[in-house]
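Trainee: I have a new structure to read. Can we go through it by question and answer?

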Amino acid sequence: NQFCDVGIGDGHSTCRFSTKSLSKILIKGGTVVNAHHEEVADVYVEDDIIVAVKPHINVGDDVTVIDAAGKFVMPGGIDPHVHLAMDFMGTQSIDDFFSGQAAALAGGTTMHIDFVLPVDGSLMAGFESYEKKSRNSCMDYGFHMAVTKWDETVSKEMEIMVQEKGINSFKFFLAYKGSFMISDELLLQAFKKCKSLGALAMVHAENGDAVYEGQKRMIELGITGPEGHALSRPPVLEGEATARAIRLAEFVNTPLYVVHVMSIDAMEEVAKARKSGLRVIGETVVSALVLDDSWLWHPDFSIAAKYVMSPPIRASGHNKALQAALSMGVLQLVGTDHCTFNSTQKAFGIDDFRKIPNGVNGIEERMHIVWDTMVESGQISVTDYVRVTSTECARIFNIYPRKGAILAGSDADIIVFNPNSSVEISAKSHHSKSDTNVYEGRRVKGKVEVTIAGGRIVWQNDELKVVPGSGKYIEMPPFGYLFKGMDKAEASYLSSLRAPVKRSKSTT
Ligand SMILES: NC(=O)NCCC(=O)O
Ligand SMILES: [Zn+2]
Ligand SMILES: [Zn+2]
């Protein structure tokens, strides 16, 4: 690996930069792009903060100057959906916080939000375990928290997570029967709690009971290979669960974030909800935008198994429809669901697709693939690119404009992007620990030439210079923009209720 890999706090370093040597940087003459605006300007950084954004900034000799003429200077990507070192399906996703984040930085992503899994149902134990897992972080990160059971302790722990631990979103799995899946009854209780805390409810929307049935059906038919994964959990099950979650969130009157929208069926439910004024966010992922399920029928198991993730990658046609939905604002942002397993781990399911660990890579590829697929093809503007890869995530999770913007006062998380260069994606050159890549051999137009994270140049000239332990945990406050005005909407709903009828007790 090209990045330095020293232990945390071990006092010495083979790294080129120590954690103290933050520098002054001037990025000169590029087109600075924010979600709302683009202009040719210089960007001046001191320590870990952007100090000024304006034309023709003059600086002294102690400043590192990066020439960005003809290039785009954009906020580093924020990946809203990542699973590093996730204990899942009898194994652990192979990228830990250090390797996954190093890969992210090489691809222009400077922050991610990971999903804390409870330990034996305990949110606190889960949080403590992720504090340990994330100690060697080399870029900034935040946490969502999964909720997999319900009782008074969990309810109390949700309060602690929001009020003391910097978490403002909770994820509920409507799939994975027998492990993470929760019932509608629990979902309703948890939605109510989210609403009262100003925390965003998130759902993995697939009907887990029906998936279980679909899996049994495939095994009975003798379909045990990776194609059985797609066949057992068709789009209709994603559409059903998406619709159900939206309706229950509407019933409780709390905003909802649907993670990894993979199908037309789910996307249309999000579209319908948004059209009727509901506060529903649709997140899609890179794999959904550009891959199709033909890979699952590949005769080589090790190739087919790479593509097993849930909800499954869909038949060709869904991807183009999701691209259109992203370009029209029906879907709001793009994550990755980066959850990688190497070929040995994927081979756990060689005789039974139900045992193939679910997950694909993407944290390093997202910024390049979204550019190539959406901007290079003319489907979205450069400003929209910034919105769907960075700013919208920062807004939703209430950390904008600290993150997701190139503005004076924002964190110095910046990329310099050359639209005239290109990149070929391969497991041979990527920075993930995985030995495979679902985008193997894909050549994409555009290249992240420089990544600055927390004021450090961490990627330049195809070289990573990252420091374990330098990434910060970003606390995310509750009551983000999706909650604004909800109390008024609630009051108007209550006042619209027709007065209950006063009935006298009948004597007959
Ligand atoms: N998506 C997937 O296949 N693996 C990660 C867990 C999840 O997000 O459902
Ligand atoms: Zn999921
Ligand atoms: Zn996920």
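Trainee: Which residues of helix H11 (residues 318-327) are buried?
Mentor: First, the ground rules: this is a predicted model, where local features need pLDDT of at least 70, side-chain atom pairs count only at pLDDT 80 or more, and totals for chains, interfaces and linings use all residues. Residues are numbered from 1 along each chain as its sequence is written, while chains are lettered from A and ligands numbered from 1 in the order in which they are written. Helices (H or I, at least four residues) and strands (E, at least two) are DSSP runs, numbered from the N terminus; a residue is buried if 20 or more other C-beta atoms lie within 10 Å of its own, exposed if 12 or fewer, and partly exposed in between, with C-beta atoms placed from the backbone. In H11 the buried ones are His318, Asn319, Leu322, Gln323, Ala325 and Leu326.

Trainee: Why do the buried residues of H11 line one face?
Mentor: An α-helix has 3.6 residues a turn, so residues three or four places apart point the same way. Look down the axis of H11, taking directions from the axis to the C-beta atoms. The buried residues line one face because they fall within an arc of 160°.

Trainee: Is Lys171 buried or exposed?
Mentor: Lys171 sits in strand S11 (residues 169-173). An unreviewed UniProt entry annotates Lys171 as "modified residue: N6-carboxylysine"; such annotations may be inferred rather than shown by experiment. Lys171 has 22 other C-beta atoms within 10 Å, so it is buried.

Trainee: Which residues does Lys171 touch, not counting those up to four places away in sequence?
Mentor: Contact means that two C-beta atoms, placed from the backbone, lie within 7 Å. By that rule, the partners of Lys171 are Phe115, His144, Ala146, Met202, His204 and Val259.

Trainee: What separates the C-alpha atoms of Cys393 and Ile78?
Mentor: Cys393 lies in helix H14 (residues 382-396). Cys393 is in contact with Ile78, Pro80, Leu333 and Gly404, leaving aside neighbours within four places in sequence. Cys393 and Ile78 are 315 residues apart along the chain, yet their C-alpha atoms are separated by 6.7 Å.
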